[in-house]
Amino acid sequence: MSARAFRIERGGLAGACLALAALAALAAAPAFAGSANLGLLSQIFAYIALASLWNLLAGFSGLVSVGQQAYVGLGGYSLFALTMFGGLHPLVAALLSGVLAVILSFPVAALLFRLRGAYFAIGSWVMAEVFRLIAAQIKPLGGGSGASLPTIIVTGMASSRQAREFMIYWSSLALVALVLGLTIWLLRSRWGLALRAIHFNETAADSCGIEITRVKFVVYAVAAFGTALAGALIFLQKLRISPDAAFNVNDWTAFVIFMTVIGGIGRIEGPVIGAIIFFALRETLSDLGPLYLLMLGAVAIVAMLKAPKGVWGYLVDKTGFEFAPLERRIVYSLNEGNNPAAPDSKGDRP
Amino acid sequence: MRHDRGMTPLLQLSGVCKRFGAVVVADRIDLAVPCGQALGVIGPNGAGKTTLFGMIAGAVTPDAGRISFDDADITGLSPARRCRLGMARSFQIPQPFAGMTVFENLLVAAEFGRANRSAAPARECVMILERCGLAALANRHAGSLTLMQRKRLELARALASQPRLLLLDEVAGGLTEEECHSLVALVRDIHAGGVTIIWIEHIVHALIAAVDRLLVLHGGAVIADGDPKSVIGSPRVQEIYMGIPADA
């Protein structure tokens, strides 16, 4: 019995072209954008990266972590330690921070994966607090009051202030491109097939041969790498670190959850849209003080009631358009019957 | 029927016990299923049929006893490991990957459910979809299927992992007579291809048309086992399963 001639359609070409165009435009931004705008864009990039990674955990793998600040702080602290005591270039130190986070993520995951659902969420938060308390004990990095990055390291990066700003901007842009690219690649790969299967039905995924725990370990490690890298770049921009700032659950997890949920959890585009909405609200409303936080809460409540799939989920339901579709669609060739024994070779490897 | 490996059983259960609180659902079950056999399992509701499947497939841990597959002890293995060893099940209550397409549902089993990776998993999935009458639904989300279509998807997905042992849990329930006939033909075809089958079913006439051995469970124990026609005809089974008094 031979199959009808077919091919597998993935789509996403239009989205990829748009993304490349946006990347090119953003890469050229230092030529025309001011210093304040570049700083803001760098922050947005870091947050898009954090939210995309949180989405990978919570939206695709069922790992609702409330403790990703552990890796943001770890990234920041390793950057400071590796540059101040290791004498490394900050960008090299940032990459090494990511590697360090991956190594640490395995014992952490081995502990946390014993917990499920809400217990996992609370456990991850407790773990982040443990990280914070340990950081506060590191006397050479200022203990509980923190430390500033010495001038010699800052000027060692690049002599002029503008060159440093450009360098941080481009690093943040590279980070977001790396994280989004990695996420899309992962989710469209064989691993992504397993992740989506786990997401939709763990019982069935198990009985279809998927080693669920192994897949979750890999995803957790990938998220730890990206989150620590983002943390390193965030604190390279801030130039000052303290345990309370580095392991802050509000800044690095609550806002990140807000962005992901508003934008559309479980969708690649969601965190990007959500981060843009968050910063748009922050830039226009933050002068209002406490009222601003109340309004953020109101937006979250309205979104959950009216568009539980988030802004992007709502739009996809209306328009059917996705930047990076994950689904594989079967398209039967029109000349079927003429040549049924030789299906399109694209069909062999999804 | 094929019995390539002589009398070596593909699946063997020895003294398997399971209780939920005070309810005994498996009472020292001994069962040997030779390679190439099609075994039917019947029994009243609560007899322990689905739990038996759960223990064979690895979703339920037995309290005591030993389960071996292909001469290897698999009692402590996960469902995922057992699947890759060559065992696939359909769930009584369908468990599709609701947000994925029907084709992707099969692809998951084809990509992860085998000991060795296939060279052309997509093509094999397309062939299985055609064989199971799901080709027209390939790009539909599994969550949008009707119950009958979901049951067919359960069978198709189980086939996509190319099992040596196929466990079918009430795939015929609710089918029309015509659909039932085509399902029986499909199961016979799969069996003729050398796959060992264990099939739990309430639709006895469908079962008898497809199996060459019938087992009756009652209160967690095997009360009859053998040739389908004589098992159904035995007074004990008539009494317990059909509700006909033995002295009638």
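## Close-up views of a predicted two-chain model

**View 1. Strand 1 and strand 4 of chain B run antiparallel and are joined by five bridges.** Everything shown in these views belongs to a predicted model. Strand 4 of chain B covers residues 64–69. To find one of the pairs, look for Cys17(B), whose bridge partner in strand 4 of chain B is Ala64(B). As a reminder, strands of a sheet pair through backbone hydrogen bonds, either parallel or antiparallel.

**View 2. Strand 1 of chain B also pairs with strand 2 of chain B, in the antiparallel sense.** Here, strand 1 spans residues 9–20 and strand 2 spans residues 23–34, with eight bridges between them. Leu11(B) faces Val33(B), which sits in strand 2 of chain B. How many residues lie between the strands of this hairpin? There are two, and in this hairpin Gly21(B) adopts a positive phi near 60 degrees.

**View 3. Six strands of chain B form an open sheet with mixed pairing.** Reading across the sheet, the strand order is 6-7-8-3-9-10. Strand 6 (87–89) and strand 10 (221–226) of chain B are at the edges with a single partner strand each, so one side of each has no neighbour in the sheet. From one strand to the next, the twist averages 15 degrees. Ala88(B) is found opposite Leu166(B) of strand 7 of chain B.

**View 4. Helix 1 of chain B packs on the sheet.** This helix is made of residues 49–57. Which strands does helix 1 of chain B touch? They are strand 3 (38–42), strand 6, strand 7, strand 8 (196–200) and strand 9 (213–218) of chain B. The direction of helix 1 makes about 150 degrees with that of strand 7 of chain B.

**View 5. Chain B is assigned two domains, and here we look at where they touch.** Domain 1 takes in residues 1–86 + 163–248, while domain 2 takes in residues 95–162. Their C-alpha centres are 24 Å apart. Eleven residues of domain 1 of chain B make contact with 13 residues of domain 2 of chain B. On the domain 1 side, helix 2 (79–85), strand 7 (165–169) and helix 6 (177–192) of chain B each supply at least two residues. Helix 2 of chain B gives the largest share of that side, three residues. By type, the domain 1 side has nine nonpolar residues, one polar and one charged.

**View 6. Chain A meets chain B through 27 residues of chain A and 35 residues of chain B.** On the chain A side, the elements giving two or more residues are strand 1 (6–9), helix 8 (190–200), helix 9 (202–207) and strand 4 (329–332) of chain A. Which of the elements gives the most to this side of chain A? Helix 8 of chain A does, with six residues. The chain A side divides into 14 nonpolar, five polar and eight charged residues.

**View 7. Stepping back, chain B holds nine helices and ten strands.** The radius of gyration of chain B is 18 Å, close to the 18 Å that the globule rule gives for 248 residues, so chain B is as compact as a globular protein of that length. Its C-alpha trace spans about 55 × 40 × 40 Å along the principal axes. Of the 248 residues of chain B, 51% count as buried.

Notes: Residues numbered from 1 in each chain as written. Chains lettered and ligands numbered in written order. Predicted model: local features only at pLDDT ≥ 70, side-chain atom pairs only at ≥ 80, totals over all residues. Pairing = 2+ DSSP bridges. Helix = DSSP H or I, 4+ residues; strand = E, 2+ residues; numbered from the N terminus. Domains from an automatic or database assignment. Contact = placed C-beta atoms within 7 Å. Nonpolar A, V, L, I, M, F, W, Y, C, P; charged D, E, K, R; others polar. Axes fitted to C-alpha atoms, helices over the stretch in contact; angles between N-to-C directions. Rg over C-alpha atoms; globule rule 2.2 N^0.38 Å. Buried ≥ 20, exposed ≤ 12 C-beta atoms within 10 Å, placed from the backbone.
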